[in-house]
Amino acid sequence: LYMDNLVLVKGEKPVSNMVIDSFDDINSSDYRRNENGNAISISSAGERAKINYTVDNPAYAGFTKALSSGMNWVTGKAIKVDVTSDIAGRNLVIQFRDRNGKYFEAMKILSVGSNAVIISLSDFKTPSWAQSATPDYSLITEYSIYIEKGIADAGSGTLYVDSFILE
(Lines give C-alpha, C1' and ligand atoms only; values in the text may rest on other atoms or scores of the structure.)
Protein backbone atom coordinates (compact mmCIF):
# COMPACT_ATOMS: atom_id res chain seq x y z
CA LEU A 1 0.00 0.00 0.00
CA TYR A 2 1.42 3.36 -1.03
CA MET A 3 -0.07 6.77 -0.08
CA ASP A 4 1.14 10.17 -1.09
CA ASN A 5 0.01 13.65 -0.03
CA LEU A 6 -2.59 12.49 2.48
CA VAL A 7 -3.93 15.61 4.21
CA LEU A 8 -6.43 15.98 7.02
CA VAL A 9 -8.38 19.23 6.76
CA LYS A 10 -10.55 20.63 9.52
CA GLY A 11 -13.67 22.24 8.07
CA GLU A 12 -17.35 22.78 8.51
CA LYS A 13 -19.68 19.84 8.30
CA PRO A 14 -21.63 20.02 5.03
CA VAL A 15 -25.17 21.28 5.44
CA SER A 16 -27.94 19.47 3.63
CA ASN A 17 -30.64 21.49 1.93
CA MET A 18 -33.84 22.11 3.88
CA VAL A 19 -37.10 22.22 1.95
CA ILE A 20 -39.05 25.33 2.92
CA ASP A 21 -41.86 24.59 0.47
CA SER A 22 -41.93 21.96 -2.27
CA PHE A 23 -45.15 23.35 -3.80
CA ASP A 24 -46.32 19.77 -4.36
CA ASP A 25 -50.07 19.20 -3.93
CA ILE A 26 -50.91 22.80 -3.08
CA ASN A 27 -53.79 23.59 -0.79
CA SER A 28 -54.49 27.23 -1.69
CA SER A 29 -55.97 27.87 1.76
CA ASP A 30 -52.44 27.48 3.21
CA TYR A 31 -51.41 30.66 1.37
CA ARG A 32 -52.78 34.00 2.60
CA ARG A 33 -53.07 36.82 0.06
CA ASN A 34 -51.77 40.24 1.06
CA GLU A 35 -55.04 42.15 0.91
CA ASN A 36 -53.24 45.49 0.43
CA GLY A 37 -51.73 44.29 -2.84
CA ASN A 38 -53.24 43.43 -6.20
CA ALA A 39 -54.94 40.19 -7.17
CA ILE A 40 -52.93 36.98 -6.85
CA SER A 41 -53.85 33.31 -6.84
CA ILE A 42 -51.83 30.17 -6.28
CA SER A 43 -52.72 26.73 -7.56
CA SER A 44 -51.08 23.40 -8.23
CA ALA A 45 -49.46 22.80 -11.61
CA GLY A 46 -48.11 19.29 -11.27
CA GLU A 47 -45.24 19.41 -8.79
CA ARG A 48 -44.93 23.18 -8.80
CA ALA A 49 -47.04 26.24 -8.03
CA LYS A 50 -48.80 28.33 -10.65
CA ILE A 51 -49.13 31.94 -9.55
CA ASN A 52 -51.42 34.27 -11.48
CA TYR A 53 -51.07 37.91 -10.51
CA THR A 54 -51.79 41.50 -11.46
CA VAL A 55 -49.51 44.45 -10.74
CA ASP A 56 -50.77 47.96 -11.41
CA ASN A 57 -51.92 50.18 -8.56
CA PRO A 58 -50.53 49.14 -6.15
CA ALA A 59 -47.52 47.85 -8.07
CA TYR A 60 -47.27 44.53 -6.19
CA ALA A 61 -49.10 41.33 -5.34
CA GLY A 62 -48.12 38.70 -2.81
CA PHE A 63 -48.98 35.87 -0.48
CA THR A 64 -47.76 34.52 2.85
CA LYS A 65 -47.47 30.99 4.17
CA ALA A 66 -47.20 30.33 7.89
CA LEU A 67 -44.68 27.66 8.88
CA SER A 68 -46.78 25.84 11.48
CA SER A 69 -43.90 24.64 13.66
CA GLY A 70 -41.44 27.25 12.49
CA MET A 71 -38.08 26.44 10.94
CA ASN A 72 -34.52 26.80 12.18
CA TRP A 73 -32.40 28.48 9.50
CA VAL A 74 -29.27 28.97 11.63
CA THR A 75 -27.11 26.64 9.49
CA GLY A 76 -28.38 28.04 6.19
CA LYS A 77 -26.39 30.20 3.82
CA ALA A 78 -28.89 31.09 1.08
CA ILE A 79 -32.46 30.75 -0.15
CA LYS A 80 -32.96 29.11 -3.54
CA VAL A 81 -36.18 28.97 -5.53
CA ASP A 82 -36.80 27.95 -9.13
CA VAL A 83 -39.04 30.45 -10.94
CA THR A 84 -40.36 30.50 -14.50
CA SER A 85 -41.61 33.92 -15.55
CA ASP A 86 -43.55 35.00 -18.64
CA ILE A 87 -42.49 38.67 -18.27
CA ALA A 88 -38.99 40.16 -18.02
CA GLY A 89 -38.27 42.93 -15.54
CA ARG A 90 -40.61 41.95 -12.73
CA ASN A 91 -39.14 41.99 -9.22
CA LEU A 92 -39.42 38.84 -7.11
CA VAL A 93 -39.34 39.69 -3.42
CA ILE A 94 -38.83 36.99 -0.80
CA GLN A 95 -39.74 38.01 2.73
CA PHE A 96 -39.60 36.13 6.02
CA ARG A 97 -40.65 36.78 9.60
CA ASP A 98 -38.61 35.65 12.60
CA ARG A 99 -39.65 34.59 16.11
CA ASN A 100 -39.57 38.22 17.27
CA GLY A 101 -42.13 39.27 14.67
CA LYS A 102 -39.49 41.14 12.64
CA TYR A 103 -39.61 41.12 8.84
CA PHE A 104 -36.71 40.81 6.40
CA GLU A 105 -36.73 40.81 2.61
CA ALA A 106 -34.56 40.63 -0.50
CA MET A 107 -35.34 41.21 -4.17
CA LYS A 108 -34.21 39.79 -7.51
CA ILE A 109 -35.14 40.96 -11.01
CA LEU A 110 -36.63 38.18 -13.15
CA SER A 111 -35.96 37.44 -16.79
CA VAL A 112 -38.29 35.58 -19.14
CA GLY A 113 -38.09 31.81 -18.81
CA SER A 114 -36.43 29.80 -16.07
CA ASN A 115 -34.69 31.62 -13.24
CA ALA A 116 -32.73 29.87 -10.49
CA VAL A 117 -33.08 32.59 -7.86
CA ILE A 118 -30.43 32.35 -5.16
CA ILE A 119 -30.35 34.93 -2.38
CA SER A 120 -27.73 34.88 0.35
CA LEU A 121 -29.22 35.20 3.83
CA SER A 122 -26.87 38.15 4.34
CA ASP A 123 -28.77 40.00 1.56
CA PHE A 124 -32.01 40.05 3.55
CA LYS A 125 -32.68 43.45 5.09
CA THR A 126 -35.43 45.04 7.13
CA PRO A 127 -38.13 46.48 4.78
CA SER A 128 -38.30 50.27 4.48
CA TRP A 129 -41.63 50.29 6.37
CA ALA A 130 -40.25 48.44 9.43
CA GLN A 131 -37.87 49.33 12.24
CA SER A 132 -34.30 48.13 11.68
CA ALA A 133 -33.50 44.77 13.30
CA THR A 134 -31.19 41.77 13.16
CA PRO A 135 -32.75 38.46 12.06
CA ASP A 136 -33.12 35.62 14.54
CA TYR A 137 -32.69 32.61 12.27
CA SER A 138 -33.39 30.13 15.09
CA LEU A 139 -37.15 30.27 14.40
CA ILE A 140 -38.64 31.49 11.13
CA THR A 141 -42.43 31.60 11.44
CA GLU A 142 -43.57 32.51 7.92
CA TYR A 143 -42.42 33.44 4.45
CA SER A 144 -43.94 35.59 1.75
CA ILE A 145 -43.46 35.86 -1.99
CA TYR A 146 -44.23 39.15 -3.72
CA ILE A 147 -44.21 40.09 -7.38
CA GLU A 148 -43.53 43.76 -8.01
CA LYS A 149 -44.09 45.65 -11.26
CA GLY A 150 -40.38 46.42 -11.52
CA ILE A 151 -39.30 47.87 -14.88
CA ALA A 152 -41.97 45.93 -16.79
CA ASP A 153 -45.33 47.36 -17.83
CA ALA A 154 -48.26 47.13 -15.46
CA GLY A 155 -50.56 44.18 -16.07
CA SER A 156 -51.11 40.50 -15.40
CA GLY A 157 -48.72 37.61 -15.59
CA THR A 158 -47.98 34.06 -14.50
CA LEU A 159 -45.11 32.60 -12.52
CA TYR A 160 -44.34 28.96 -11.92
CA VAL A 161 -42.47 28.36 -8.67
CA ASP A 162 -40.79 25.19 -7.43
CA SER A 163 -38.21 23.92 -4.97
CA PHE A 164 -38.07 26.66 -2.36
CA ILE A 165 -35.10 25.56 -0.26
CA LEU A 166 -32.56 26.72 2.29
CA GLU A 167 -29.05 25.84 1.21
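Reader: How many helices and strands are there in the chain?
Author: This is a predicted model, where local features need pLDDT of at least 70, side-chain atom pairs count only at pLDDT 80 or more, and totals for chains, interfaces and linings use all residues. Residues are numbered from 1 along each chain as its sequence is written, and side-chain values use heavy atoms, with hydrogens and water left out. Helices (H or I, at least four residues) and strands (E, at least two) are DSSP runs, numbered from the N terminus. On that basis the chain has zero helices and 11 strands.

Reader: Okay, what share of the residues in the chain is buried?
Author: Buried means under 20% relative accessible area, exposed over 50%, and partly exposed in between (1.4 Å probe, protein chains only). Of the 167 residues in the chain, the buried share is 37%.

Reader: Which residues have the most contacts inside the largest nonpolar core?
Author: A nonpolar core is a set of buried Ala, Val, Leu, Ile, Met, Phe, Trp, Tyr and Cys residues joined through side-chain atoms within 4.5 Å. The largest one here has 37 residues. Those with the most contacts inside it are F23, W73, L92, F124, Y143 and L159.

Reader: Let's zoom in on L92. Which residues does L92 touch, not counting those up to four places away in sequence?
Author: Contact means heavy atoms within 4.5 Å. With residues up to four places away set aside, L92 touches V81, V83, A106, M107, K108, L110, V117, I145, Y146 and L159.

Reader: How many residues of strand β7 are buried?
Author: Strand β7 covers residues 91-98 and is mostly covered. Of its eight residues, the number buried is seven.

Reader: And how many bridges join β7 to strand β10?
Author: Two strands pair if DSSP finds at least two bridges between them. β7 pairs with β8 (residues 103-109) in the antiparallel sense over seven bridges, and V93 has M107 as its bridge partner there. β7 also runs antiparallel to β10 (residues 140-148), where F96 stands opposite Y143. The bridges joining β7 to β10 number eight.

Reader: What phi does G101 have in the turn of the hairpin?
Author: β7 and β8 form a hairpin with four residues between them. G101 sits in that turn, and its phi is positive, at about 80°.

Reader: Is Y103 buried, partly exposed or exposed, and why?
Author: Y103 lies in strand β8. Beyond its neighbours within four places in sequence, Y103 is in contact with Q95, F96, R97, K125, T126, P127, W129 and E142. Because its relative accessibility is 22%, Y103 counts as partly exposed.

Reader: Which strand holds S163?
Author: S163 is another residue other than glycine with a positive phi, near 50°. With a relative accessible area of 30%, S163 is partly exposed. It is found in strand β11 (residues 155-166).

Reader: What is omega for the cis peptide bond that joins N57 and P58?
Author: P58 is found in the loop between β4 (49-55) and β5 (60-71). The bond joining N57 and P58 is cis, with an omega of about 10°.
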